[in-house]
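Please keep the sequence and the structure in view while reading.

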Amino acid sequence: MKILAIETSCDETAAAVVAGGRRVLSSVIYSQLEEHRIYGGVVPEIASRRHTEQVVNVTERALVGAGLPLAAVDAVAVTHAPGLIGALLVGVNFAKGLAFAAKKPLIAVHHIRGHVAANFIAHPSLEPPFLCLVVSGGHSHILEVTGYTGYRVIGKTRDDAAGECFDKVARVLGMPYPGGVEIDKAARLGNSDRYKLPRPRVENRPYDFSFSGLKTAAINLVHNAGQKGEAIDQNDLAASFQHAVCDSLCSRFFAAADELGHKKLVCAGGVCANTGLRRMLTEGAAGRGRELYMPPLELCGDNAAMIGAQAFYEYREHGGATLSLNGAATLDIAGQATE
Ligand code: KG4
Ligand code: ZN
């Protein structure tokens with residue numbers, strides 16, 4: 001089954017054709033990053049407008065790249081939630097129009113389910129069940145993936161997501177948006193023992209995360225030093241901060257894996273591109289004799305191939321969506337509206 005997938009939930013306009021949930025025939029991403037960077041973050045209205053301008057072109061390129069006319073694909077998939085609502089609606093309406101005109105099934109895909117599915121592309125033999133650490137700009141979760149469309153939330157952030165926290169601290173350090181990758185670069189040159197930062201815990205919820213205290217501690221360190229006229233070593237702070245985030249994520253993830261007896265560990269989402277996190281996960285999994293699966297860097301961030309991969313399993317297990325499909329800014333991974 002060949003699926004044409006569209007992704008417009010944030011600031012990447014993306015389209016891909018994926019066969020059988022695992023084989024990427026084409027993947028095209030138009031990144032709006034440069035335009036949003038001058039504002040220090042994604043401006044929702046600009047994102048929607050750019051998606052509107054780019055979505056046809058990006059989709060045509062994906063079809064040409066796969067060497068297929070629209071008539072030859074078996075279904076059209078789209079990210080319908082969660083994300084920026086105006087941005088999501090561009091993709092949802094476009095996909096509905098395509099499915100309607102070409103008389104193809106329409107498949108709705110949850111963005112975070114898509115991030116998890118990036119691993120099905122990268123690791124053809126990977127099958128659920130497994131334990132997955134999802135770390136993106138808007139989500140930090142430990143999920144028990146019980147089946148291709150089955151999820152149990154084991155832990156989640158109580159406040160900021162890991163990526164959001166990277167971006168906010170980077171901003172205070174004067175680094176451009178998105179800050180995660182900038183902190184990553186600076187951290188490679190720094191000493192992670194230099195600055196002591198907290199590892200907040202959530203009472204009675206051993207697998208939940210809390211990043212706002214850590215973020216505030218890092219930001220206060222920068223402001224206090226500024227007030228005293230002292231210099232902060234950017235590389236050392238980036239390294240100390242990154243280590244604290246990775247430590248918070250990995251300590252809970254490995255504890256949950258031990259408790260629940262998972263041998264297969266998976267990571268997904270934009271923050272999974274982080275060098276320090278990949279190293280800590282690799283070392284931790286090897287030390288415990290667990291299998292570790294992570295997508296290659298190009299499949300960690302937002303793309304449509306991961307949506308096409310997940311769409312295959314959504315269709316196989318639940319069939320298609322109706323043409324009254326709507327977008328939703330918030331929706332938990334099990335499909336429950338959170339707002
Ligand atoms: O998954 P993603 O592309 O979009 C969302 O669904 O949110 O994740 C974007 C997030 C941003 O916060 C970005 O700063 C972060 O992933 N990120 C990184 C790195 N690359 C991207 N964070 C830390 N280190 C990186 N190398
Ligand atoms: Zn994402």
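## Polar contacts with ligand 1

A polar side-chain atom of Asn-274 lies 2.9 Å from a nitrogen atom of ligand 1. Such a pair is a polar contact, that is, two N or O atoms within 3.5 Å; within protein, one must be able to donate a hydrogen and the other to accept it, and residues adjacent in sequence count only if both atoms are side-chain atoms. Asp-167 also places a polar side-chain atom 2.6 Å from an oxygen atom of the ligand. At Gly-163 the backbone takes part: one of its N or O atoms is 3.2 Å from a ligand oxygen atom.

The model is predicted: local features need pLDDT of at least 70 and side-chain atom pairs count only at pLDDT 80 or more, whereas totals for chains, interfaces and linings use all residues. Residues are numbered from 1 along each chain as its sequence is written, chains are lettered from A and ligands numbered from 1 in the order in which they are written, and side-chain values use heavy atoms, with hydrogens and water left out.

## The shell around ligand 1

On its own, ligand 1 has 550 Å² of accessible area (Shrake-Rupley method, 1.4 Å probe), and the protein covers 85% of it.

Which residues lie nearest the centre of the second largest pocket? They are Ser-192, Gln-242, His-243, Gly-276 and Arg-279, from a lining of 14 residues. A pocket is an open set of points on a 1 Å grid over the protein atoms alone, where a 1.4 Å probe fits, with protein on both sides within 12 Å along at least five of seven lines; lining residues have an atom within 4 Å of a point.

The elements that give two or more residues to this lining are H6, helix H8 (234–260) and helix H9 (275–288). H9 gives the most, with five residues.

## Backbone features in loops

A cis peptide bond joins Tyr-177 and Pro-178, with omega about -5 degrees; Pro-178 is in the loop between H5 and H6. Another cis bond links Ala-81 to Pro-82, with omega about -20 degrees. Lys-103 is not a glycine, yet its phi is positive, about 55 degrees.

Conventions:
Helices (H or I, at least four residues) and strands (E, at least two) are DSSP runs, numbered from the N terminus.
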